[in-house]
Amino acid sequence: MRDPGVWGSMGASPSPIKAGPAPGESMKVTAVEAFHVDWGGGRNRSAWVRIRTDAGVDGLGEASPMVHGSASLEIIAGAFTPMLLGADPLQPRIIQDRLFHEHIKVGPEGAYAGALAAIDIALWDLKGKALGQPVWKLLGGAWRRELPFYASIGGNGQRTVDQVCRVVEDWLELGPAQVKIRFDADKTARDVDLPGDIAKARAVRKLVGDDFPLAFDSNNGYSVQGAIRVGRALEELGYVWFEEPVQHYHVESFAKVAAALDIAVSAGEQEYTLQGIKRLIEAGVDIVQPDIVKTGGFTGLGDMAALARAYGVDLVPHQTQPSIGHTANLHFVASLTHSHHPAEYNGPREIQDVVFKTPVRPVNGKFVLSDAPGLGLEVDEGQLEKRTIRWTSSAARA
Ligand code: CA
């Protein structure tokens with residue numbers, strides 16, 4: 001039998017609480033809905049979770065969408081849900097630690113950390129709604145509520161130099177504070193076209209002028225020697241950071257590249273644990289980039305931010321999901337101490353806007369955080385229901 005504490009007593013059914021808990025009472029989780037949102041044929045589905053309570057408030061969360069996030073949905077439905085029913089949702093840190101250790105051998109990385117992230121984001125959204133406060137305020141406050149973004153532009157490995165420049169030009173119309181060109185390299189190859197990659201970096205610099213901040217993301221495409229060659233070119237071209245130059249699991253290679261170069265070397269979107277981020281920092285990585293939908297949500301990412309700050313290393317979260325993930329990330333970076341880099345933005349996806357009454361879009365180059373409770377996302381329930389495919393685990397307890 002579990003210690004009642006945060007979990008409450010299984011089966012007990014307190015009277016519904018109308019507007020937040022009175023002293024001495026706890027609200028309880030009554031349902032955990034894990035589901036795909038189907039955006040249409042040929043598109044990746046989103047993996048979302050909604051946590052409902054006996055107080056009538058609910059929260060929405062999102063898991064990393066790798067392979068449609070199906071593995072995370074199964075972990076939520078089959079393993080986490082039986083533990084969450086009856087729990088006090090306003091205690092996300094304790095819930096996360098219990099969930100993390102209960103089934104740790106399924107993870108602790110990848111889809112497992114994505115499942116923890118979805119639950120944590122939903123709990124913070126729920127907590128904000130229960131308390132009538134935006135998440136950014138619950139996190140300690142916002143250093144800024146108008147958040148600049150950087151254009152995260154993928155697919156440049158396959159484009160010609162001219163095509164890269166045209167795509168960057170299109171993006172500049174949205175008013176980014178910085179541009180990052182990603183190469184989305186074939187991770188089974190190395191150093192496929194070093195002169196070509198450098199030529200694209202040079203052409204983009206020429207296009208935007210000397211003072212515009214630029215970043216370069218190889219997506220794990222280089223050997224140590226290839227990375228150092230490209231990195232020296234990026235230094236000459238005044239790039240701000242050089243992202244994932246080598247395979248993410250070759251931490252010693254990151255150490256060699258970072259030691260050889262003056263440009264900031266960044267990595268961390270493929271790390272899922274506090275210890276993984278610590279290894280990168282200790283190897284000499286200058287900017288760490290954990291992702292809120294992969295690393296335990298606000299709770300997991302908050303620990304990583306404290307760790308990075310202790311080492312004097314910048315944390316610039318990775319984030320490419322356009323609605324829940326992006327909004328959660330904005331609340332997080334708004335509250336991030338000494339943050340001075342723009343937030344990642346992978347671009348508008350109209351197809352996802354339709355399930356929200358207020359789509360998440362930049363205005364004059366900034367995302368603006370409101371005072372609305374929780375994440376501040378207003379769902380169009382009818383539109384969402386049409387695209388919802390509930391995840392049912394064949395292994396879940398009835
Ligand atoms: Ca990246």
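I began with strand β1 (residues 29-37), which pairs with β13 in the antiparallel sense over three bridges. I count two strands as paired if DSSP finds at least two bridges between them. Helices (H or I, at least four residues) and strands (E, at least two) are taken as DSSP runs and numbered from the N terminus. The model is predicted, so I note that local features need pLDDT of at least 70 and side-chain atom pairs count only at pLDDT 80 or more, while totals for chains, interfaces and linings use all residues. Residue numbers start from 1 along each chain as its sequence is written.

**Entry 1: the sheet around β1**

I then traced the whole sheet: four strands form an open sheet in the order β3-β2-β1-β13, with antiparallel pairing. β3 (58-63) and β13 (388-390) are at the edges with a single partner strand each, so one side of each has no neighbour in the sheet. On average, neighbouring strands of this sheet are turned by 35° against each other, direction ignored. Helix α2 (residues 70-84) packs on the sheet and touches β1, β2 (46-53) and β3. The direction of α2 makes about 175° with that of β1. For these angles, axes are lines fitted to C-alpha atoms, for helices over the stretch in contact, and values run from 0 to 180 degrees between N-to-C directions. Contact requires that the C-beta atoms of two residues, placed from the backbone, lie within 7 Å.

I next asked which residues of β5 are buried on each side. Q178, K180 and R182 are buried on one side and V179 and I181 on the other, so both faces are covered. I call a residue buried if 20 or more other C-beta atoms lie within 10 Å of its own, exposed if 12 or fewer, and partly exposed in between, with C-beta atoms placed from the backbone.

Strand β4 (residues 146-153) pairs with β5 in the parallel sense over four bridges, and K180 in β5 is the bridge partner of S152. From β4 the chain crosses through α6 to β5, a right-handed β-α-β crossover. Right-handed here means that, with the strands pointing away from the viewer, the path from the first strand over the helix to the second runs clockwise. β5 also pairs with β6 in the parallel sense over four bridges, where D217 in β6 is the bridge partner of R182. I recorded β5, α7 and β6 as a right-handed β-α-β unit.

**Entry 2: helix α7**

Helix α7 (residues 194-208) has 15 residues and spans 22 Å from its first C-alpha to its last, close to the 21 Å expected at 1.5 Å a residue. The expected span is 1.5 Å times one less than the number of residues. Which residues of α7 are buried? I found D197, K200, A201 and V204. They cover an arc of only 95° around the axis, which puts them on the same side of α7; the arc is that of the directions from the helix axis to the C-beta atoms. P195 and K206, on the other side of α7, are exposed. The cover over the buried residues of α7 includes α6 (161-172), β5 (178-182), β6 (214-217) and α8 (224-236). After α7 comes G209, with a positive phi near 90°.

**Entry 3: backbone exceptions**

Most residues other than glycine have a negative phi, and most peptide bonds are trans. I therefore looked up the departures from this pattern.

- D191 has a positive phi near 50° and is found in the loop between β5 and α7. With 16 C-beta neighbours inside 10 Å, D191 counts as partly exposed.
- E244 has a positive phi near 40° and is placed in the loop between β7 (241-243) and α9 (251-260). With 27 C-beta neighbours inside 10 Å, E244 counts as buried.
- G107 and P108 are joined by a cis peptide bond with omega about 5°. P108 is found in the loop between α3 (92-102) and α4 (111-131).
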